[in-house]
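Biologist: Can you take me through this chain, starting with the overall fold and then the charged pairs?

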Amino acid sequence: MTTAVAAPFRFFSLQVVRTRRLGPSLARVTFAGPDLHAFHSDGRDQSLSLFLPHPGQSEPVVPVELGDDWWQGWRELPDGVRAVMRSYTLRALRRDPDEIDIDFVLHGVGPGAHGEAGPAARWAARAAAGDRVLLLGPAVADNRAIRFRPPADSDLVVVWGDETAVPAASAVVESLPAGARARVWLEVPRAGDVQDLATAAQAEITWLVRAEGAPTALDAVRAAEFGSAERPYVWLAGESGCVKELRRHFVAERGVDRHRVTFVGYWRRGVSEEQLRAEG
């Protein structure tokens with residue numbers, strides 16, 4: 001049963017429909033559910049909370065029956081029982097049939113992987129049709145979990161994202177209208193993670209591949225010329241330290257109005273999502 005939380009967000013019970021490997025570091029999982037018709041979003045960087053089961057569980061354990069008190073009840077569950085919660089962004093929403101795509105970074109999974117795989121990466125690597133998850137997502141199309149909001153007078157859209165932000169950044173770039181100007185940097189671990197993006201905009205897209213010795217995000221952006229843009233809008237998402245460094249560059253070095261810079265730290269180097277949540 002689906003339980004309402006605090007509008008405009010609610011829980012959705014979903015099942016995996018299919019999976020697709022996008023590259024050595026990225027995988028796409030498509031989900032469907034009986035009430036996904038009530039999922040609405042107008043945002044291209046729509047944030048979601050995904051609840052995953054532990055190995056051996058048939059579905060994630062979240063006390064949705066507690067209504068607005070589900071959060072406290074979830075926190076009080078034993079570590080090995082409480083569903084794994086991770087923050088993701090929506091890659092795509094489709095109708096007829098109702099489906100959503102979420103792209104996962106497979107940190108520490110597969111041949112040549114570095115570091116230790118987290119629970120979400122391990123789940124995504126072995127996900128199969130029929131696997132059950134729980135999603136806390138929007139029931140209202142325009143909601144506070146949408147960050148990409150360029151002012152109407154923007155004459156250039158600047159985008160930077162690492163692999164954790166590639167899904168949102170890709171959706172943003174694909175949504176830009178004809179005539180819009182965009183300068184885009186997307187940072188990924190390996191060459192096989194580079195994707196073809198279709199957009200009607202006049203977009204210059206640069207993929208920074210770390211395995212090939214790509215320049216740092218700051219060096220790549222600092223060397224760029226933005227031409228005659230007078231009212232740029234900047235969207236930055238990914239590792240929080242890098243995002244803050246880039247924001248300082250745009251505001252302090254390029255003189256971009258700080259109100260025209262959206263910056264979101266999706267993760268912090270050396271810190272787990274549980275630790276970040278505890279700090280918050």
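This is a predicted model: local features need pLDDT of at least 70, side-chain atom pairs count only at pLDDT 80 or more; totals for chains, interfaces and linings use all residues.

Biologist: How many helices and strands does the protein chain have?

Modeller: There are six helices and 12 strands. These are DSSP runs numbered from the N terminus, with helices being H or I of at least four residues and strands being E of at least two.

Biologist: What share of the residues is buried?

Modeller: Of the 280 residues in the protein chain, 48% are buried. Buried means under 20% relative accessible area, exposed means over 50%, and partly exposed is in between, using a 1.4 Å probe and protein chains only.

Biologist: And the contacts, how much comes from residues 24 or more positions apart?

Modeller: Such pairs make up 68% of the contacts with a separation of 6 or more. A contact here is heavy atoms within 4.5 Å.

Biologist: Switching to charges. How many salt bridges are there?

Modeller: The count is 18 salt bridges, each being a side-chain nitrogen of Lys or Arg within 4 Å of a carboxyl oxygen of Asp or Glu.

Biologist: What does Asp35 pair with?

Modeller: Asp35 forms a salt bridge with Arg10, at 3.2 Å from N to O. Asp35 sits in the loop between strand 2 (26-32) and strand 3 (47-52), while Arg10 is in strand 1 (residues 9-23), so the pair ties together parts that are 25 residues apart in sequence.

Biologist: Is Asp35 buried or exposed?

Modeller: Asp35 is buried, at a relative accessible area of 10%.

Biologist: What about Asp79 and Arg82?

Modeller: Their side chains meet in a salt bridge of 2.7 Å, N to O. Asp79 is exposed, with a relative accessible area of 59%, whereas Arg82 is buried at 18%.

Biologist: Which residue does Asp103 bridge to?

Modeller: Arg91, with the closest N and O atoms 3.8 Å apart. Asp103 lies in strand 6 (residues 99-105) and Arg91 in the loop between strand 4 (84-89) and strand 5 (92-94), so this pair ties together parts that are 12 residues apart in sequence. Both Asp103 and Arg91 are buried.

Biologist: Which residues form a network?

Modeller: Arg18, Arg94, Glu99 and Asp101 are linked by salt bridges in a network.

How values were computed
Residues are numbered from 1 along each chain as its sequence is written. Side-chain values use heavy atoms; hydrogens and water are left out.
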